[in-house]
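Reader: I'm new to this one and would like a close look at a single spot. Please start there and then show me what surrounds the topic.

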Amino acid sequence: MLTSDSCLSLHKHGSSMASDSNSSESQRIAQQRLRIIAGHLQKHKDDDSGTIATECKAEANKGTVPRKRQEIMKWNGWGYSDSKFLFNKKGQAEFTGKRYRLSGMVLPSLQDWFENTFGASVNHKSPATPALNASAVPPASLNEAFVEDLKATGIPFSHEAEDRVFRAHGHCLHEIFALREGKKFERVPDMVVWPNCHSDVVKIVELACKHNVCLIPYGGGTSVTSALECPPEETRCIVSLDTSQMNRILWIDEKNLVAHVEAGIIGQDLERLLNESGYCTGHEPDSMEFSSLGGWVATRASGMKKNVYGNIEDLVIHIKVVTPRGVIEKSCQGPRMSTGPDIHHFILGSEGTLGVVTEVTMKIRPIPEYQKYGSVVFPNFEAGVACLREVAKQRCAPASIRLMDNEQFQFGHALKPQVSSIFTNFVEGLKKFYITKFKGFDPHQLVVATLLFEGDRERVLQHEKQVYDIAATFGGLAAGEDNGQRGYILTFVIAYLRDLGMDYYVVAESFETSVPWDRVLDLCRNVKERINRECKERGVQFQPLTSCRVTQTYDAGACVYFYFAFNYRGLADPVHTYERVEHAAREEILANGGSLSHHHGVGKLRKEWMKESISSLGVGMLQSVKDYVDPDNIFGNRNLL
Amino acid sequence: KACTPNYSPGRGWPTSQTQDGFEDILEERRNSSDLKYALRCYAPVLYKGVTPCKANMLKNIVLQSDQLRYVINQVSQESGEAPDIIQEEASVILEEMAHRLQISTVRFFAFALSKAFKTLFQHVCVNEEGIQRLQQAIQEHPVVLLPSHRSYMDFLLMSYILYTYDLALPVIAAGMDFMGMKFVGEMLRMSGAFFIRRSFGGDKLYWAVFSEYVKTMLRNGFAPIEFFLEGTRSRTCKSLTPKLGLLNIVIEPFFKGEVFDVNLVPISISYERILEESLYARELLGVPKPKESTSGLLKARRILSEDYGSIHVYFGQPVSVRSLAQGKVNRSTYNLFPRHIPRKPMEETQSFVNDTAYRIVRLQEDNMVLKPWVLMASLLLQNLEGMELSVLTEQTVWLRGLALSYAAFLDWPDHAPTAKVVSSSLALHRGLACVSGGRVSLVVGEPLGPVTPEEALFNRAVSVLSCASYRNQVLHVFLRPAMLAVAMHTAASSKKNEVYNCFSFLWDMFSNDFILCPGDTVQDFEEACYLLVKTGAVQMPQQDIVMTDIGQPTLSFFNGLLEPFLQGYQVVCRYLCEEASEGLTEKQYIPAVRSFAHSVLCVFTGNLRCYEVLSSDMQKNALAALLRGKLPTQKALLARL
């Protein structure tokens, strides 16, 4: 909006100059030039106003996410309403819907694995509350003056209970558990607004400041750090600012290979739309189906293929943020600058405490010509980690390389769909025989690395050979494309599986860290042992599942991702038990040289360790930025600090 | 058993001692074939089922470790020698150090020791619950065995017991002096001993090889590691203040996250009669310790003809370093340094290790099994002129009651009349005390022919010091109340704070002679008050501490108990005040103070009967107390004493 205003005034100024023109030749030329410029501007202005009109009307919303998210997504679980795991009447697991490769398939080994791993039974159900009890939702306490002013802007909003509850949580275990149990939320947003563009956000933030309203930006809602939880002590009206309708690619610049995108777009839409033009971002966090560009920026997200494309901080060229003090942006799109500390780094990871990210210019790449999955089996986790370390050392990591431990390997196997052809079964059996009997791998020790190569065909094949050669020196055996691909499918369905677990008294969660190479093994072992021990001490009656994988490699270390689940039958307060165990696990991570988070962020869940992590001086630096940018704590989600 | 409410050593420590019953392992040996026993199937369970590591492989792991390689390069740079040469040096050190545990040698010892034990001892008793706890611990975590050290027998005995119970055989840190005995040294090496030089102060390479050797065994859980916290055999049968070097080494892998936990197992080995009894007394009096030699050992066969009563070995509760360190040491301080670079432990860690060491030694003390004779010895030493047998019997019964109410671990024969207990104790220790004409007195060795006053004094001192080594075994039970008794006696008034000041003065002064955990002054004082009040010797109206009507015998016994120490320290002070010249070196100190003490003892034959001041142990401790500088000047000290 600022730009269009200044255009207008320049235009006026230009035409008034043109009216008193009659002196020298040079003046004439100058006037001519001005006329031309004015003409351009005039035209530009018209164009501009046209764009703005479309910008904010958003009549043709192409995005996947409707304003009423609950129409297509679960209100008390992960993902789409039509997609879920269940045990059918025969006791066999199947995945409903049509959206995924696994959809509609029967998974014959899942039940055995599930019952044996957790000591659970398909006969012991712990069903969720079927529907939201709207009367259990705290009534909206609205700031009437704010609502009046907001109405005048025409920006859509709602204070219906379903909309508010949907935005009162992310996907932490305790949040989903509370929804399933029909527990009352202490504090939920009082209303939800759906800005359609940057200027809408500017208006909303101005009004929020004017009326002292608390704003909580909401993107994809996939947070697992309690970042979306409303602070119970917040007495002002809380407005959830849902960015989902700001979901367009505004332009693509093929010369510089960048795209300018509204920050509310979710990962799958961004990829799909860019693909239509032959491009991709290559940024694929596990949550990309639902998480948003703005959310990635706000949490310092990391994508599975970062080895080729980089993490979010490597991908962004320019960020536009609306804060209570105004809009932060840079003056140019230079690929690197030495202009003091990079202000983008105040925004990246700010977790919605400073403002709303509205538009981002980010790198794009042509869609790779060729993609190939792969997998390598190692005799044990130690060998696998040593191999990944060597791959990182030689800087030849494929787009993605992940090492799953034995527990996850077995889990992956339990998700094998029913095989139709006898022949495939036979080949699988043969492979298993070769690895365990002939090569002497212990099936309870062996681990698998999954690989994804990208690029032009020849290079991919060359690259593949290089990686397999390295793997061979660590005793790794190539184990086929299917196993690799299955590993990545697991990534997208695992969140759905948690809902299945919760139907049968099993709670589960994941957490992550980053750690120097030499401490990876020690950290994994100690954290698993700590979890097992804490569970025992806290009265968990069944052996928990603790599993980890190395999901990212860097020059100096790796990202490690843990899964942790247990059967909670017999526990009075499973969520509390779970939280204490996770707390202990995090302490163990920190004591073993791991970071507080690699990409999930801090939110409110891990705030207590911030001082320890970045020093109290560091916290002070961040605090002073917050105090300057948002002195009245309009962005009052109280994350991070 | 009494429990002391105010005395709790803190989180992670076993709270109230519950002492288990004992089983005599010789009983079976007397009833079945020793040969069969030595050749039976030996298949111990190991830490997490690791396969045992061949001695040679172990050496290679150590020589190739990052830790050692780093130090080799460092030493090479400092000395200008090529790394190969230093590496070779390291290899030689390792060769000299390393154990070569062989089951055949262990079997040989199993056979030979069975024979020897059966002739020497009536019983070798082991607490079976302790063995079960140990077996559990060995499977879960690396285990460090920490036995008390009173005799050369200790470590053979330990291995013998572990073999008997089919537990993993330990590797044992032994002093290099054993290496002098060529054949025996090698035999010990093959039964699991590894040898370390007594002093290697600044030798970086030696330290690196040594610590890496120990850590490698610990990290991999190849075998339990055994060493003596006290560093050397205690010649006085008082526990020695712990040495921290090895304890630091075995704890560090936990702080660095290389192992999940380390279990420390305090083990108390109590001998009814110590093989080295009179040898120790002579050594303390300045007769040089016989050098360890094979021929010396053969001469010691004479020993085989005597009865040494029974041995009790108590395996204490395994102590988890992880639980101990919680909240005391922040492990993340190890995050910012490469773990293979040797670093001096931080202050926090040092004081943790120091505190742990003291508490382990106290646990050793607590679980020492006391025989009636130690009570009798305590009484006899307060009546050097001899006692009526009936009085001795009567007082022993009284003292037994006192000891039991102070939670002493007393092995008093069931259902035996007291007179019988006393007489059989006297019979076993007939070398130390004799009964003639109904009077019991110490036996003074009487050489044939005329005796000089010096010789007479020496012989007298030998018998007093030998007897004192039994009294010393019970000191830890009475120490705190005894110091309180002395403090009440010396304090100017009965005001609690004045008594406390005196107590605290004694506490500081005696902290080399007794095991007093650093920083526990107040706790010890309260414990002492509690115990004296509990047994009715003292009452504490308001801010006073006063003796009760019935308190006299207890308090005067306690005063008498510590009198030799007080007098000894007094003599040392007098020497330093009156005789010592300016340039006195530590080397000259012992002979000089000894001859001063001689002259004092020859002149004063009346009240001053502090033969114990002739003990080099006491002389060293007194000097150390003075050198610590915490105490007032010597004159002031003398005045206070």
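What is the relative accessible area of A:R300, and does that make the residue buried, partly exposed or exposed?

Author: A:R300 has a relative accessible area of 31%, so it counts as partly exposed. With a 1.4 Å probe and protein chains only, buried means under 20% relative accessible area, exposed means over 50%, and partly exposed is what falls in between. Before going on, a word on the ground rules: this is a predicted model, where local features need pLDDT of at least 70 and side-chain atom pairs count only at pLDDT 80 or more, while totals for chains, interfaces and linings use all residues. Residues are numbered from 1 along each chain as its sequence is written, chains are lettered from A and ligands numbered from 1 in the order written, and side-chain values use heavy atoms, leaving out hydrogens and water.

Back to your residue. A:R300 sits in the loop between α9 (293–299) and α10 (306–309) of chain A. Most residues other than glycine have a negative phi. A:R638 also has a positive phi, about 60 degrees, although it is not a glycine. You'll find A:R638 in the segment after α20 (610–629) of chain A, and at 33% relative accessibility it counts as partly exposed.

Now for the chain around them. Chain A has 20 helices and 21 strands, and 55% of its 641 residues count as buried. Take its contacts (heavy atoms within 4.5 Å) with a separation of 6 or more: 77% of these join residues 24 or more positions apart.

UniProt positions follow the numbering used here, with shortened feature names, and annotations may be inferred rather than shown by experiment. That span is 23% helix and 25% strand, and its end C-alpha atoms lie 44 Å apart.

UniProt (unreviewed entry again) also places the feature "active site" at A:Y561. A:Y561 is in strand β21 (residues 557–567) of chain A and, with a relative accessible area of 11%, is buried. Leaving out residues up to four places away in sequence, A:Y561 touches A:S510, A:F511, A:E512, A:S547, A:C548, A:R549, A:T551, A:H599 and A:H600.

Hop over to chain B for another buried residue. B:N559, in helix α22 (residues 552–579) of chain B, counts as buried at 18% relative accessibility. Beyond its neighbours within four places in sequence, B:N559 is in contact with B:A485, B:V486 and B:H489.

Last stop, the nonpolar cores. Such a core is a set of buried Ala, Val, Leu, Ile, Met, Phe, Trp, Tyr and Cys residues joined through side-chain atoms within 4.5 Å. The largest has 117 residues, and those with the most contacts inside it are B:F194, B:F210, B:F227 and B:F315. Apart from it lies another core of 97 residues, among them B:V474, B:F503, B:F505 and B:F596.

Conventions: Helix = DSSP H or I, 4+ residues; strand = E, 2+ residues; numbered from the N terminus.
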